[in-house]
Amino acid sequence: MADTQTEGEKWRWILKFGAKGLCPRCGKGHMFRSWLKVVDRCEVCGLDYSFASPDDGPAFFSLCIVAFPLLFVVVWFQVAFSPPFWVHAVTSLPLMLAGCLLPLRPIKGWLVASQYVNKAHEAGTAQLWGQLNGRTVEKGGTAFDE
């Protein structure tokens, strides 16, 4: 991934490989070892994923993008038709669970790829992350593999 890419090219790169769970550096290796567990290193290019800290981001985006709009549909369905509880148990509950759980992996991949491509980390923590990961980071530098 070249640092000379425009913002549009970076965005396309992030979406293309991040959402698919592929390495944000080479686009070939796998980012995940299980459903949501990020690998330690890319098996193709050796990218160290110690920078990756999407934290609660995937759950937050899943709730905002899927759960809240779906909740309004479920409430509308209840108000408009007053179905018995079992109808919600058979339709609304599985729809809500699938709608919230299935996008977690693509969203996490998108966030990790975005962190890598944009070299995002908390301001002032590069040296601390470098120490935690056994790297020497110059003042003002980043803790990302170059």
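These legends accompany several close-up views of a predicted model.

Residue numbers start from 1 along each chain as its sequence is written, and side-chain values rest on heavy atoms, leaving out hydrogens and water. Because the model is predicted, local features need pLDDT of at least 70 and side-chain atom pairs count only at pLDDT 80 or more, while totals for chains, interfaces and linings use all residues.

View 1. Helices (H or I, at least four residues) and strands (E, at least two) are DSSP runs, numbered from the N terminus. Of the 146 residues, 36% are buried; here buried means under 20% relative accessible area, exposed means over 50%, and partly exposed lies in between (1.4 Å probe, protein chains only). Among contacts (heavy atoms within 4.5 Å) with a separation of 6 or more, 54% join residues 24 or more positions apart. The accessible surface is about 9,100 Å², and carbon and sulfur atoms account for 65% of that area (Shrake-Rupley method, 1.4 Å probe; for residues, only the protein chains shown count as cover).

**View 2. Helix H1 lines up its buried residues on one face.** H1 covers residues 7-18, twelve residues in total, and reaches 16 Å from its first C-alpha to its last, close to the 16 Å expected at 1.5 Å a residue (1.5 Å times one less than the number of residues). Look for Lys 10, Trp 13, Ile 14, Phe 17 and Gly 18, the buried residues of H1. Down the helix axis they fall within an arc of 100°, so they line one face; the arc is that of the directions from the axis to the C-beta atoms. As a handy reminder, an α-helix has 3.6 residues a turn, so residues three or four places apart point the same way. Helix H4 (104-117) is among the elements covering the buried residues of H1.

**View 3. Ser 92 sits buried in helix H3.** This serine belongs to H3 (residues 85-101) and counts as buried because its relative accessibility is 11%. Its side chain makes a polar contact with the side chain of His 88 at 2.9 Å (a pair of N or O atoms within 3.5 Å; within protein, one must be able to donate a hydrogen and the other to accept it, and residues adjacent in sequence count only if both atoms are side-chain atoms). Leaving aside residues up to four places away in sequence, Ser 92 touches Val 74 and Val 87.

**View 4. Arg 33 and Asp 40 form a salt bridge.** The closest N and O atoms of Arg 33 and Asp 40 are 3.9 Å apart. Arg 33 counts as partly exposed at 47% relative accessibility, whereas Asp 40 counts as exposed at 54%.

Notes: A salt bridge is a side-chain nitrogen of Lys or Arg within 4 Å of a carboxyl oxygen of Asp or Glu.
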